[in-house]
Amino acid sequence: MTKTSGYNVAVGLIVAVGSFTYGFGFASFATSIGQPGFFTYFNLSTTGPGAAYTNHILGAVNALFFFGACVGALGGGPLADKIGRKWTLLAASVVAVIGGALTAGSVHIAMLIIVRILQGSGLGALATLTPIYLSEASTPSKRGMLTGLHGFFLVSGYNMSAWVGFGCFFSENLTFGWRGPLAFTCIPPLILLIGCLWVPESPRWLLTQGRVDEAWTVLSRLHNDPHDPNEVAAREEFYQMRKQIEFEATNSSGYMAIFKTPAYRKRAFLSCFVQYAANATGGLVINYYSVIIYENLGLKTYMPLLMYCIYTLIGALGNLFSLLTVDKTGRRFALLTGFTGVLITVVIEAAMVGCFVTGSKPNIGGQKVAIVAIMFFVFFYGLFIDAASFIYSSEIYPTNIRSPGVALATFTYFAACITFVTPGATAIANIGYKYFVIFACLTFVSVVVIYLMYPETKGKSLEELAELFGDPVVVHLTDATEEQKEKIDQEIKNELFAEHRENFRA
C-alpha cells in the first residue's frame, strides 16, 4: 500500500488554505455584527421598533452571501473539469481577494449586500474545490487525514476570524472595529494564490485529459516511499487509477449524468444529505448568530465575542483530533456518534433556554447550563461531523463526476445555510428556544437515515469505492491475493517494457 509522503502533506496544507479562506471569510461578518460601530455606521437599531428591520437586513446579507456561494459551487465544479483543479483554485482565490476588499470598503448597506454576493461566489468555489483536490491527491490509508484538513482549516478560519474580531472590539476607531475583520479576509486567499503556484495538478484530472506521463510524475512524487525504491506500490496504485479512469471515461459525466444514472443518484443523495444534515443540527445558526445568542443569555460587552472565540477554538481542536483518528474509527462511526451527541446537546439547550432564560423565571444557573450545552454541541460537531461529512461527500464519487458531484453537495450545504441561517436572527428573537426544537427533530431524522443507508468507506481507494454502489472495479488492490498482485505487477512490467522499447525505436 502506498505511503503518504511529506511532500503530499505539504501540498495538502497549501491547498487547505482554501478551506481556511472560506471559514475566515464566512465568519468575518459574524464578528463584525458583534461590533457596536457596525450598527452605528449603517444606522441600524438593535432595540425598539427598528430591531426587526435590522434583523431583516442581517438576514438579507447572509442570504445573498450564501446565494453567491451556491453560484460559486455550481460553477466551480464544471470549471474544475474543464481547466483543472489547480487553475480553478487560482481563479477562485482572485475572486475572493476582490470580494473581500470591496466588502471591507462598503459605504452603504446596499453595497455590502451586493459585494458579499461576489465574495460568497469565490469562497463557495474554494469550499468545493479544496476537498476534491485533497481526496484525489491522497493515499487510501490517509485519505481521511488529508481530506479532513478541509474541515480543520475551515473551522480554524472561524477561530482566527473570531480572535481578530475580539481584538478589533477594543479599537477606539469604531469603524475599524467592523471593517478590520472584513479587510483581513483578503489575506488568506492571497496566500493561497501564491502557494498554488507550487502545487501540482491533480493526477486523476491529468489522467482524464490523457496526460499520462505528467500524471505519473505527480503521483510518484506525492506518494514517494523511501522504503520502496522500485516504486512498486505507487505503480500499482497508478495502474489501478489509470484502468478505472479509462473505464469510467466511457460513462457520461456532468450534472445530467448524475440525475439520470441510478448509482450516481444514490451517491448524490448520500453526499448531499450529509451536508444538509450537518446544517440541520443548527450548527451554522449558532455559529453565525452566536454573539446575539450569548447576549440573550446575559453576557455583555466583549464577553459574547470572547465566548465565540472559545466556541470556535473547541471546534477547531475537535477537527484536528478527527482528522488524526477518522481513518481508524471510520466515517460511519464518526457521523453516528456526532449526530447523536449534537441531538442530546440541542435538546438540553432548548430546554434551558425555554425554562430558565426566556421563561417566566430566568436564572443564572439555567443560563450557564445553556452556554455549557453550546460548548458540548461544538465539541461533538467538530470532533465527529465536520471532517467526516466533507470526507464522505468527496470520496464516494467516481472521477468522471467527482467535480459536479461535490459541487452539488456543496450547493446543498449553502442552500441549507440560506434555509436555516437567513431567518436565524428573526427566529431567535421571535420564537427563541422553539427554533432549536426544530433542529433537534431534524437531527433525529438524520441519525436514522445515516444508520440505515450509509456504508463504511475507510481504507479503500477511490476507485474501489465504486463497488459499494454496484459499479464494477477494474483492478482490485486492497483485498487482492498475492497471486493477483503478482499478475498486476507483471502487467505493469510488460507495459513498462513496451514503453521503453517504443522510446528506443523513436
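1. Asn43 is found in the loop between helix H3 (36-41) and helix H4, where helices are DSSP runs of H or I with at least four residues, and strands are runs of E with at least two, numbered from the N terminus. The phi angle of Asn43 is near 55°, a positive value in a residue other than glycine. Most residues other than glycine have a negative phi, and most peptide bonds are trans. Asn43 counts as exposed, at 69% relative accessibility; here exposed means over 50% relative accessible area, buried means under 20%, and partly exposed lies in between, with a 1.4 Å probe and protein chains only.

2. A word on the basis of these remarks: this is a predicted model, in which local features need pLDDT of at least 70 and side-chain atom pairs count only at pLDDT 80 or more, while totals for chains, interfaces and linings use all residues. Residues are numbered from 1 along each chain as its sequence is written, and side-chain values use heavy atoms, with hydrogens and water left out.

3. Glu231 also has a phi near 55°, a positive value in a residue other than glycine. The place of Glu231 is in the loop between helix H11 (212-222) and helix H12, and at 23% relative accessibility Glu231 counts as partly exposed.

4. The structure holds 11 salt bridges, a salt bridge being a side-chain nitrogen of Lys or Arg within 4 Å of a carboxyl oxygen of Asp or Glu. One of them is formed by Asp81 with Arg85, the closest N and O atoms being 2.9 Å apart; Asp81 is partly exposed, with a relative accessible area of 26%, whereas Arg85 is buried, with a relative accessible area of 0%. Glu136 forms a salt bridge with Arg85 as well, and there the closest N and O atoms are 2.7 Å apart. This second pair links distant parts of the chain, with Glu136 in helix H6 (residues 109-137) and Arg85 in helix H5 (residues 85-104), 51 residues apart. Glu136 is buried, with a relative accessible area of 0%.

5. Which residue forms a salt bridge with Arg204? The partner is Glu463, and the closest N and O atoms of the two are 2.8 Å apart. The pair links distant parts of the chain, since Arg204 lies in helix H10 and Glu463 in the loop between helix H22 (433-453) and helix H23 (482-505), 259 residues apart. Arg204 is buried, with a relative accessible area of 2%, and Glu463 counts as buried at 3% relative accessibility. Elsewhere, salt bridges that share partners join Asp81, Arg85, Glu136 and Arg402 into one network.

6. Helix H6 is also the place of Gly124, which counts as buried at 0% relative accessibility. The C-alpha atoms of Gly124 and Ala96 are separated by 9.3 Å, and these two residues are 28 residues apart along the chain.

7. The count of aromatic pairs comes to 33, under a rule by which rings of Phe, Tyr and Trp (its six-membered ring) pair if their centres lie within 6.5 Å, with planes under 30 degrees apart counted as stacked, over 60 as edge-to-face and the rest as tilted. Phe269 and Phe273 form a stacked pair, at 5.6 Å centre to centre and with 25° between the planes. Both residues lie in helix H14 (residues 262-280), four residues apart, about one turn of the helix. Phe269 is partly exposed, with a relative accessible area of 36%, whereas Phe273 counts as buried at 14%.

8. One aromatic cluster is formed by Tyr22, Phe26, Phe65, Phe66, Tyr158, Phe390, Tyr413 and Phe414. The charged end of Arg116 sits over the ring of Phe65, 4.2 Å from its centre; a charge sits over a ring if NZ of Lys or CZ of Arg is within 6 Å of the ring centre and within 35 degrees of the ring normal. Arg179 lies over the face of Tyr41, at 4.9 Å from the ring centre.
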